[in-house]
Amino acid sequence: MREDWTEALLPQVCDILDNLRKPINAKERTKRIEGKPKNELYPYYGATGQVGYIDDYLTDGEYVLIGEDAAPFLDYTKAVAFIINGKTWVNNHAHILKSHFNDKYLCYYLNQFQFREYVTGTTRLKLTQGAMKRMPVKIAPLPEQRAIVAKIEQLLSELDNGIANLKAAQEKLAIYRQAVLKKAFEGELTKQWRSQQTHLPTADELLEQIQAERKAHYQQQLKAWQQSVIEWDAQGRKGKKPAKPKKAKEVEPLDEAELDILPTIASSWKWDTLMNIAELIGGVTKGRKLEGKELISLPYLRVANVQDGYLDLSQIKEIEVLPSDLEKYKLHKGDILYTEGGDKDKLGRGTIWNDEIKDCIHQNHIFRARLYRKDMSPKFVGYYSQTRTAKDYFFSKAKQTTNLASINLTVLSNLPFPICSLNEQTQIVQEIESRLSVCDKLATTIDESLEKSEALRQSILKKAFRGKLLSEAELEACRQEPDWEPADKLLRRIQGKNAVPTTGNLFET
């Protein structure tokens, strides 16, 4: 730290005005603002920003707010402090600060501060007023504070423009991806390929073969059940009698009204439903009462592991289940996974399991589709499940809350699905992947650039409060300002003769 800077505890550089905050619950706020025009209301703030409006104000002016609890104290990509201006109301989840020097300087300083030693709690971190009063603050001369704020805002503005461009490119890639999938599942990408085929099986022929496989699968399940009943009987009928497998429900063909709202597909194709081509089941329920029973521990997939079109296996948990659950819920290579809940763009998902983890099962918030035809392409099914047509279907049939929606097994079973020959399915997957491989590489590059941008934001703030952001010319210009004085003199002048001694250079770097 340069010799014209100093360090002080937070109460020495700002007023802590927590006496100006007051919580009002959402129900009371709604009652108070009902029927009143927006120009008669005032922003109501919480730990991380504005959370609503209210019909009165407690603060008037510029202040720095920093979360008391529920703020992202340990996430360097998110701000924990922010500026408020004008007439406002702050609840008890944020501390109210007013800098003796420069509010923006203090705000930027807090957004690069390492809070780990000052917050308590595990899932919901808390910064008490007592802990906050122990926080050290680095103080630059007043003209340098202004210059630092201006330089930070210039650099962050340029960075934000770059991030906006990256996100715009991200959106364009998403649009392109959907355009590719749309054409693929309307038969456009393989139109020329189809014209060159001499004998291409029809969708009806494939469906007949699938139905035969479906019946054979049920007979196999029935035979296995009969054998398990014999064994259960031979062992003195201990425990519950094995449950008889349910015969797959016969589904009526889609009617004209349902077909009318679906995209037009190639004449040799046919619309059917997902349940006619795949066995669908939910997963194991967590929290069952299994005390006193023989259990085994198995890795299992949670919703967090099943992303839109890919698996995130960075954190795999284990669950204790009955030995019989392994056979029932074990994932096989080629299974297609669907999530029960999510937002509009991620509901369903349709992600392929490639047998990455041995003896892995799935929880009940994940549905599994296992194709009756072993030579049918799981990727074909997975890619279709990521189309706008599939996502819109899921969302339209889902049970919806404020931010999320959820589907059940019935909704998934009735997903309209385009059927074409096995050879064309393979060709469609190739056409999709040849186009999306470049798209996916660009998407990865953009994701990496966005991560680097967040790291750069912190790097700018860290550099600023090490006194290394301004050039020598910029520093010299600060020293020529009429109100320039060393930071320790500035602090003493502000606090007067009875000032509490500063902490000294505790954070020399």
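**Terms and values**

Author: The lining of the second largest pocket divides into nine nonpolar, 10 polar and 13 charged residues. The model is predicted: local features need pLDDT of at least 70 and side-chain atom pairs 80 or more, while totals for chains, interfaces and linings use all residues. Numbering runs from 1 along each chain as its sequence is written, and side-chain values use heavy atoms, without hydrogens and water.

Reader: What makes a residue polar in that count?

Author: Ala, Val, Leu, Ile, Met, Phe, Trp, Tyr, Cys and Pro are nonpolar, Asp, Glu, Lys and Arg are charged, and the others, Gly among them, are polar.

Reader: What separates a pocket from a cavity?

Author: On a 1 Å grid over the protein atoms alone, a pocket is an open set of points with protein on both sides within 12 Å along at least five of seven lines; in a cavity a 1.4 Å probe fits but cannot get out, and lining residues have an atom within 4 Å of a point. The structure holds one cavity of 30 Å³ or more. The largest cavity has about 50 Å³ of space, and its lining includes V13, F101 and Q145. By class, six of its lining residues are nonpolar, three are polar and none is charged.

Reader: Why is P323 called partly exposed?

Author: Its relative accessibility is 39%. Buried means under 20%, exposed over 50%, and partly exposed in between (1.4 Å probe, protein chains only), so P323 is partly exposed. P323 belongs to helix α9 (residues 323-329), and its C-alpha is 6.0 Å from that of I296, 27 residues apart along the chain.

Reader: Where does α13 bend?

Author: At L436, by about 35 degrees. That is the angle between axes fitted to the seven residues ending there and the seven starting there.

How values were computed: Helices (H or I, at least four residues) and strands (E, at least two) are DSSP runs, numbered from the N terminus. Grid points are joined across faces, edges and corners, and a volume is the space filled by probe spheres set on the points.
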